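Open the model in your viewer and keep the sequence panel beside it. The tour below goes stop by stop, saying what to select and what is there.

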Amino acid sequence: MAIKGVGPAVGAQLLITAGDNPDRLRTSASFAALCGTVSIPVSSGKTSRHRLCRGGDRQANAALHHIVKVRMSYDPRTRAYRDTHLAKGWTNKAVFRALKRAVAREVFHALAGHIAAPDYSDLRPARQAKNLTLTQAAEHLGLWPATVGQLELGRRPNEDLAHRYRSWLNAADQRLTRNRSIRP
C-alpha cells in the first residue's frame, strides 16, 4: 500500500497473483510476464512496434492498469512522462504499456521487500503533545479526519501530505511558544 495508486483491492489482487506463484517470481521480468505486461514484438516489414502479452493473470493486469489510471490523475511525474512521450509521437497505448511495465517493476520490488515503507510514527505524538485534535488538523489540511488518521497510522502513505502536516505542526508549536511568551 506504500506504492502510489495502490489501494486495498488492487494490493490484494497483486498479492494474490504473487502468492499463487512464488516460485515463478525470480526477477521483475518474471513478475511482468505473470501479470501479462511483457511487451511482444509484432513487427512486420518496415514497422517496428510492440503489444502487451495476452497471457498472464488478467486480474493482475487490470490491477496494474488501475494503478496507471490513478497515477495519470494524481501523479505529476506520470503526467509529465505521458506528455513527454506523446510529444515524441508515442500513442496512448504505448505510453500505458510502458507505464504498466514500470509499475510491475515497482510492485515486484515492493513484494520482494526492496522498498521501505515511509515512517509517519512521529505525527500522532506530535499532534497530541500540542493538544490538537484530529479534526483541527483535518480542517487545516482540507481533508477528512479519517484520512489524516490513516496517514498518522501509516495506512495511507503520502509524502506531500505528511510534509504539509509536519509544517503545520511546527507552525502550531511556534504559535504556542509565542503565546506563552506574551502572557504575563
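What volume does the largest pocket have? It comes to about 970 Å³. A pocket here is an open set of points on a 1 Å grid over the protein atoms alone, where a 1.4 Å probe fits and protein lies on both sides within 12 Å along at least five of seven lines; lining residues have an atom within 4 Å of a point. Points are joined across faces, edges and corners, and the volume is the space filled by probe spheres set on them.

Before going on, note that this is a predicted model, in which local features need pLDDT of at least 70 and side-chain atom pairs count only at pLDDT 80 or more, while totals for chains, interfaces and linings use all residues. Residues are numbered from 1 along each chain as its sequence is written, and side-chain values use heavy atoms, with hydrogens and water left out.

**Stop 1: the pocket**

Select Ile3, Lys4, Gly5, Pro157 and Asn158, which lie nearest the centre of the largest pocket among its 31 lining residues. Then colour α1 (8–20), α3 (58–74), α4 (76–87), α8 (145–153) and α9, the elements that give two or more residues to the lining. The most comes from α3, with four residues.

**Stop 2: the whole chain**

Show the cartoon. The protein chain has nine helices and two strands, in the order α-α-β-β-α-α-α-α-α-α-α from the N terminus on. Helices (H or I, at least four residues) and strands (E, at least two) are DSSP runs, numbered from the N terminus.

Now switch to the surface. The accessible surface of the protein chain is about 11500 Å², and 53% of it belongs to carbon and sulfur atoms. Areas come from the Shrake-Rupley method with a 1.4 Å probe; for residues, only the protein chains shown count as cover. Of the 184 residues, 33% count as buried. Buried means under 20% relative accessible area, exposed over 50%, and partly exposed in between (1.4 Å probe, protein chains only).

Contact means heavy atoms within 4.5 Å. Among contacts between residues at least 6 apart in sequence, 59% join residues at least 24 apart.

**Stop 3**

Select threonine 17 in helix α1. Threonine 17 is buried, at a relative accessible area of 1%. Neighbours within four places in sequence aside, threonine 17 is in contact with Leu34, Asp57 and Ala60. Its C-alpha atom is 9.9 Å from that of arginine 58, 41 residues apart along the chain.

Next select cysteine 53, in the loop between β2 (50–52) and α3. With neighbours within four places again left aside, cysteine 53 is in contact with Gly36, Val38, Ile40 and Arg58. The C-alpha atoms of cysteine 53 and leucine 34, 19 residues apart along the chain, are separated by 9.8 Å.

**Stop 4: aromatic pairs**

How many aromatic pairs does a search of the whole structure find? It finds two. Rings of Phe, Tyr and Trp (its six-membered ring) pair if their centres lie within 6.5 Å; planes under 30 degrees apart count as stacked, over 60 as edge-to-face and the rest as tilted.

Select phenylalanine 31 and phenylalanine 108: their ring centres are 6.5 Å apart and their planes are at 35°, so the pair is tilted. This pair links distant parts of the chain, with phenylalanine 31 in helix α2 (residues 28–35) and phenylalanine 108 in helix α5 (residues 92–111), 77 residues apart. Phenylalanine 31 is buried at 0% relative accessibility, and phenylalanine 108 is buried at 9%.

Move to tyrosine 165 and tryptophan 168, whose ring centres are 6.3 Å apart with planes at 20°, so the pair is stacked. Both lie in helix α9 (residues 159–182), three residues apart, about one turn of the helix. Tyrosine 165 is buried at 0% relative accessibility, as is tryptophan 168 at 8%.

**Stop 5**

Select asparagine 131, in the loop between α6 (123–129) and α7 (134–141). Asparagine 131 has a positive phi of about 55° although it is not a glycine. Most residues other than glycine have a negative phi. Asparagine 131 is exposed, with a relative accessible area of 69%.

In α7, select the buried residues Ala137, Ala138 and Leu141. Down the axis of α7 they fall within an arc of 95°, so they line one face of the helix; the arc is that of the directions from the helix axis to the C-beta atoms. Just after α7, glycine 142 has a positive phi of about 75°.

Finish at α8, where Thr147, Val148, Gly149, Leu151 and Glu152 are buried. Glycine 154 follows α8, with a positive phi near 85°.
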